[in-house]
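Subject: Structure handover, with notes on the ligand site

Hello,

Please find the structure below, followed by notes on what was found in it.

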Amino acid sequence: MDRIIIRGGKRLSGRLPISGAKNAALTLMPCALLTEEPLTLRNLPRLADVDSFGHLLNQLGASTQIEGARPEDFGRVMTIRAGKLTSTEAPYDIVRKMRASILVLGPLVGRGGEAVVSLPGGCAIGNRPIDLHLKAMEAIGAEIELAAGYVKATAPGGRLPGGDYVFPIVSVGATENVVMAAVTARGVSRIGNAAREPEIVDLCNCLVAMGAKISGIGTETLIITGVERLHGATYAVMPDRIEAGSYACAAAITGGDLELAGVDIEDMRATITALVQAGVEVEEKGDVLRVNAPGPLKPLTLATAPFPGFATDMQAQFMAMLTLAEGASVLTETIFENRYMHVPELARMGADIHVSGRTAVVRGVAKLNGAPVMATDLRASMSLILAGLAAEGETQVARVYHLDRGYERLEEKLQAVGADIERAGDG
Ligand code: UD1
């Protein structure tokens, strides 16, 4: 298995291109199941999760064709054709590896009136149930059966009637699933307390480009008027705000100066606010964000929250950054109950962090030391990369497959701005 080896202490500077968003890509790809016509997605990041999702679509009978994939390019163009579906089942061995597989539930019911999807089970960052996905689907008229670890959702008479649902808590995935199911319903659906994440806006905009009728996009109430059928479209995946935020932390933790190119700054407000509070200089220049960290970092008090709040997907990277701040920071994780697996690994590098329940107190230390560490999930892995960039000596991050799920050509991007980082096989 590959490892990433970093010799820390290099100040990063230069321009770093930001890829298409993983979390948007994985909700745009299943939209292709809603139409017989081709859906072409541009700016699709080259990631293991995107490949896995392509394989799932292939299993359902859709073809996936990639264009313009020169090795030096970031991103790809993929055309997905789901002219005729040959299966309505997402099996366990795929869903357990990639939780986003459950996002075929909504479009399969919307298209053909039936979906059978394995229950995902727990994962490294908590229980992550799908009860809200199922309640929302029921509210718009689906019949749900659970048996042998699978959920079967059917639309009576082959088409959902539509209906109203107010989420008790904000769920990104459940909002995505119900929206994709509702766009081809017979009637109107009103989804209250919907997630407002930019990836949901991207999903709605893509569906509208395919002929869907959705109002309230970007607000907490989505009104979806079902249409008989959707048509094909060409759509560009939004920039990855979490990748950009992660590299902003790389600039901050190395005292560096990076220009992050191709971002949507409005999607990154909470991250920018936190960086500025930490004493980092941030300059907004169109779709380029300059992040410059000339002095010592200040401690922060941060709590994760649904958008527009501070993203749970940025918590681990900020924690790594704050291990070197001048003073004590307090981080609270409100979205997931078990998202601090990076803490013991950061501690092995010399960080001073105490976790109590959902709160972590991070006392800044003068320096981190390189060490062999193990990645546990995608964003936790990135926090170890960040710590390694700033640490004295060599850090080896094992289980790199987590990073390959969500960061397009990480070591190449970081090498180009001055990091001493490489990938090595176990040999
Ligand atoms: C969540 C994050 C998203 C992030 C992604 C990957 C939020 C609101 N969501 O999205 O930003 O990109 O993880 O790290 O920040 N829940 C239920 N029942 C359900 C669905 C969810 O109880 O059926 C709970 C979850 O356990 C969690 C909360 O709702 O506590 C939000 O989860 P949800 O937004 O659905 O998770 P993801 O879609 O994975």
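UniProt places the feature "binding site", in an unreviewed entry, at Arg99, Arg128, Pro129, Ile130, Asp131, Leu132, Asp313 and Ile335. The same feature name, again from an unreviewed entry, is listed by UniProt for Lys22 and Asn23. UniProt positions are given in the numbering used here, feature names are shortened, and annotations may be inferred rather than shown by experiment.

On the basis of the notes: this is a predicted model, in which local features need pLDDT of at least 70 and side-chain atom pairs count only at pLDDT 80 or more, while totals for chains, interfaces and linings use all residues. Residues are numbered from 1 along each chain as its sequence is written, and side-chain values use heavy atoms, with hydrogens and water left out.

Ligand site

Of the 18 residues around the ligand, the ones that come nearest are Arg128, Asp131, Ser171, Asp313 and Ile335. A residue is near a molecule if one of its heavy atoms lies within 4 Å of it. By class, the shell holds 8 nonpolar, 5 polar and 5 charged residues. Here Ala, Val, Leu, Ile, Met, Phe, Trp, Tyr, Cys and Pro count as nonpolar, Asp, Glu, Lys and Arg as charged, and the others, Gly among them, as polar.

Domain 1 (3–16 + 297–424) and domain 2 (22–236) each supply at least three residues of the shell; the domain bounds come from an automatic or database domain assignment. Helices α5 (131–139) and α6 each give at least two residues to the shell, and α5 gives the most, with 3 residues. Helices (H or I, at least four residues) and strands (E, at least two) are DSSP runs, numbered from the N terminus.

- Asp131: 2.6 Å from a nitrogen atom of the ligand.
- Asn23: 3.0 Å from an oxygen atom of the ligand.
- Asp313: 2.6 Å from an oxygen atom of the ligand.

The protein covers 85% of the 710 Å² of accessible area that the ligand has on its own. Accessible areas come from the Shrake-Rupley method with a 1.4 Å probe; for residues, only the protein chains shown count as cover.

Residues and helices

Lys22 is in helix α1 (residues 22–28) and counts as buried because its relative accessibility is 7%. Buried means under 20% relative accessible area, exposed over 50%, and partly exposed in between (1.4 Å probe, protein chains only). Ile130, in the loop between β7 (114–118) and α5, is buried at a relative accessible area of 8%.

Arg339 is in the loop between β19 (328–332) and α11 (342–348). Its relative accessible area is 7%, so Arg339 is buried. The side chain of Arg339 makes a polar contact of 2.9 Å with that of Asp313 and another, of 2.7 Å, with that of Thr312. A polar contact is a pair of N or O atoms within 3.5 Å; within protein, one must be able to donate a hydrogen and the other to accept it, and residues adjacent in sequence count only if both atoms are side-chain atoms.

In helix α6 (residues 172–182), 10 of the 11 residues are buried, including Glu176 and Asn177. Ser171 caps the N-terminal end of α6, with a side-chain oxygen 3.1 Å from the backbone nitrogen of Ala174. Helix α10 (residues 315–322) has 8 of its 8 residues buried, so it is largely enclosed by the rest of the structure.

Regards
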